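Q: I would like to learn how to read the features of a protein model. Could we work through one step by step?

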Amino acid sequence: MSVNRYNGSFQCGQGEFQLYQKKDIDLAISDISHPNPIFKFKSMSGKLYLTNKRFIFESSEKSGKYELKDFSACFGSISKLDVKQPIFGANAVVGMATGEPGDNGFMGTVDFKFSFNAGGAIDFAKLLMKTAKNPPQQAPTVTVGMNMFGQPVQMQMPVQSGYNQPGIQ
């Protein structure tokens, strides 16, 4: 797990590509093993990304009210992943993240909760678990036509927000 690695503006790194993104996500952090002023907030709204290597939460709060700009965790640092489906309220994905070494790493563990106000928690959790078990090595492609030699022309599939992303089952 790392904090403010992307300084609030996520971009994919070398060999990394987006599989999923969703707006209107609330992040809540609890049970911090090593207290840190960066996690002094009750709940924060933002955008959630899933890549072939990690998930990234990017805060939509740009006024400087909170120190946390982004929160990310690679698959190896995530444990106790679960989906909560309350009768009243938004579905949520909860889990624990362990700190990563480095400049933007965090020592210890935190419990996180992503509340999906506009739906999509179950889809995200399924895709997260599937990707963590068997991460794709290259971005999905789609055939867009034929070249002048009669060979198929393929393009990297653009990331779509929400449900039913073609090529990702």
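Q: Which residues does D70 touch, not counting residues up to four places away in sequence?
A: A contact means heavy atoms within 4.5 Å. By that rule D70 touches S2, V3, N4, R5, Y6, N7, G8, F57 and E58, with residues up to four places away in sequence not counted. Before going further, note that this is a predicted model: local features need pLDDT of at least 70, side-chain atom pairs count only at pLDDT 80 or more, and totals for chains, interfaces and linings use all residues. Residues are numbered from 1 along each chain as its sequence is written, and side-chain values use heavy atoms, with hydrogens and water left out.

Q: Is D70 buried or exposed?
A: Buried means under 20% relative accessible area, exposed means over 50%, and partly exposed is in between (1.4 Å probe, protein chains only). D70 counts as buried because its relative accessibility is 1%.

Q: In which strand does D70 lie?
A: Strands (E, at least two residues) and helices (H or I, at least four) are DSSP runs, numbered from the N terminus. D70 lies in strand β5, residues 70–74.

Q: What is the place of R54, and what does R54 touch?
A: R54 is in strand β4, which covers residues 54–59. Its contacts, again without residues up to four places away in sequence, are R5, Y6, E16, Y49, S72, A73, C74, F75 and E100. R54 is counted as buried because its relative accessibility is 12%.

Q: In what order do the strands of the open sheet stand?
A: Strands of a sheet pair through backbone hydrogen bonds, either parallel or antiparallel. Two strands are taken as paired if DSSP finds at least two bridges between them. Here eight strands form an open sheet in the order β1-β5-β4-β3-β2-β8-β7-β6, with antiparallel pairing. β1 (2–3) and β6 (78–84) are at the edges with a single partner strand each, so one side of each has no neighbour in the sheet.

Q: How many bridges join β2 to β8, and over how many do β7 and β8 pair?
A: Six bridges join β2 (residues 18–30) to β8 (residues 109–116), and these strands run antiparallel.

Q: Where does helix α1 lie?
A: Axes are lines fitted to C-alpha atoms, for helices over the stretch in contact, and angles run from 0 to 180 degrees between N-to-C directions. Helix α1 (residues 121–133) lies across β2, β3 (44–51), β4, β6, β7 and β8, and runs at about 40° to β3. Along the sequence the pattern is β-β-β-β-β-β-β-β-α-β-β, with one helix and 10 strands in the protein.

Q: How many salt bridges does a search of the whole structure find?
A: A salt bridge is a side-chain nitrogen of Lys or Arg within 4 Å of a carboxyl oxygen of Asp or Glu. The search finds one. The side chains of K84 and D82 form a salt bridge, at 3.3 Å from N to O. K84 is partly exposed because its relative accessibility is 43%, and D82 is partly exposed at 35%.
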